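Q: Can we go through this model together? I'd like the overall picture and then some individual residues.
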Amino acid sequence: MTHSTVHDVETLSDDALRDLLAYPTGLRSPHLRANFIASIDGAVTLRGSGRSLGTPTDRRVFARLREVADVVLVGAKTAAAAPYAHMHMSSEASAWRGSHGLDPGLPVAVVSGRGVIPPHLLTDATVPPVVLVADGAETAARRDLERSGARVTTIAGSRVASAAIREALATLGLTRVLVEGGPTLFSQLVCDDEIDELCLTTSPKLVSGPARRIAASVGHVELTMQRRAILVGADGTVIVRWVRARDPAKLS
């Protein structure tokens with residue numbers, strides 16, 4: 001694959017998309033791949049919702065990105081705003097996962113410094129969630145989490161640091177990590193140099209308005225990325241897969 005390889009999504013089967021989006025083989029530590037959608041002018045929401053920017057092409061690729069991951073990583077606010085309890089896998093997706101050494105179920109990992117997790121994730125989830133909580137969280141909150149059946153990892157300090165997230169996921173054997181946000185968690189990972197890859201969907205819309213960017217910080221942060229593939233849809237959607245250029249092994 002060259003840096004300018006363009007794929008027409010309509011011509012690819014779901015299995016072909018899974019193969020194209022599969023994580024690098026032989027990972028020795030978690031590979032953090034973020035997935036975001038933005039308008040042509042860089043807005044991450046339309047009328048307050050990122051879903052309003054979505055297209056059929058984006059939704060199809062979004063599903064395949066989940067199907068090739070070990071875990072979906074989100075912040076607590078994003079977990080509360082989206083239905084992460086039931087991330088259903090089709091029989092075809094399950095067969096692909098089985099043939100590539102992935103577990104049948106896809107858990108969500110929630111980062112919460114205070115240990116506040118949406119109740120439905122603790123009671124209704126098909127696969128027990130992973131919860132990364134700071135040890136500065138209230139004792140009662142941590143106790144409730146531990147009783148819920150969630151896989152709880154307590155991180156030293158008043159906040160859950162980015163390096164600690166990677167370490168905790170490594171301990172759990174979760175190396176194919178799909179970061180779905182929100183922008184606060186993604187911004188933290190970018191600022192702490194803990195993002196390996198970004199799949200960015202450009203929705204064919206100009207929206208203007210007050211919406212924020214996918215990442216923001218007080219000061220400028222510069223991470224050099226390498227373009228690996230471009231996916232285009234008949235609906236005008238463009239999806240670019242960007243990989244960190246710091247490690248040649250990550251570019252294969």
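A: Overall figures come up before individual residues here.

Q: What kind of model is it, and which residues count for local features?
A: This is a predicted model; local features need pLDDT of at least 70 and side-chain atom pairs count only at pLDDT 80 or more, while totals for chains, interfaces and linings use all residues. Residues are numbered from 1 along each chain as its sequence is written, and side-chain values use heavy atoms, with hydrogens and water left out.

Q: How many helices and strands does the protein chain have?
A: Eight helices and 10 strands. These are DSSP runs numbered from the N terminus: H or I of at least four residues for helices, E of at least two for strands.

Q: Why call the chain as compact as a globular protein of its length?
A: Its radius of gyration is 18 Å, close to the 18 Å that the globule rule gives for 252 residues, so it is as compact as a globular protein of that length. The radius is taken over C-alpha atoms, and the rule is 2.2 Å times the number of residues to the power 0.38. Along the principal axes, the C-alpha atoms fill a box of roughly 50 × 45 × 35 Å.

Q: How much of the chain is buried?
A: 48% of the 252 residues. Buried means under 20% relative accessible area, exposed over 50%, and partly exposed in between, with a 1.4 Å probe and protein chains only.

Q: What share of the contacts is between residues 24 or more positions apart?
A: 70% of the contacts with a separation of 6 or more. Contact means heavy atoms within 4.5 Å.

Q: Now residues. Where is leucine 73, and is it buried or exposed?
A: Leucine 73 lies in strand 3, and it counts as buried because its relative accessibility is 0%. Which residues of helix 7 are buried?
A: In helix 7 (residues 162-171), the buried residues are Ser162, Ala164, Ile165, Arg166, Ala168 and Leu169. An α-helix has 3.6 residues a turn, so residues three or four places apart point the same way.

Q: What follows helix 7?
A: Glycine 173, with a positive phi near 75 degrees.

Q: And aspartate 70, where does that sit?
A: In the loop between helix 2 (56-67) and strand 3 (71-75). Aspartate 70 counts as buried, at 10% relative accessibility.

Q: What does its side chain reach?
A: The side chain of aspartate 70 reaches the backbone nitrogen of threonine 175 at 3.2 Å. Setting aside neighbours within four places in sequence, aspartate 70 is in contact with Leu102, Leu106, Pro107, Gly173, Leu174, Thr175 and Arg176.

Q: Which peptide bond is cis?
A: The one from glycine 181 to glycine 182, with omega near 5 degrees. Glycine 182 is in the loop between strand 7 (176-181) and helix 8 (183-191).

Q: What about the backbone at aspartate 193?
A: Phi there is near 60 degrees, a positive value in a residue other than glycine. Most residues other than glycine have a negative phi, and most peptide bonds are trans. Aspartate 193 is found in the loop between helix 8 and strand 8 (197-203), and counts as partly exposed at 35% relative accessibility.

Q: Last one: glycine 209, buried or exposed?
A: Exposed, with a relative accessible area of 56%. Glycine 209 is in the loop between strand 8 and strand 9 (225-232).

Note on methods:
Polar contact = N/O pair within 3.5 Å; in protein donor to acceptor, adjacent residues only side chain to side chain.
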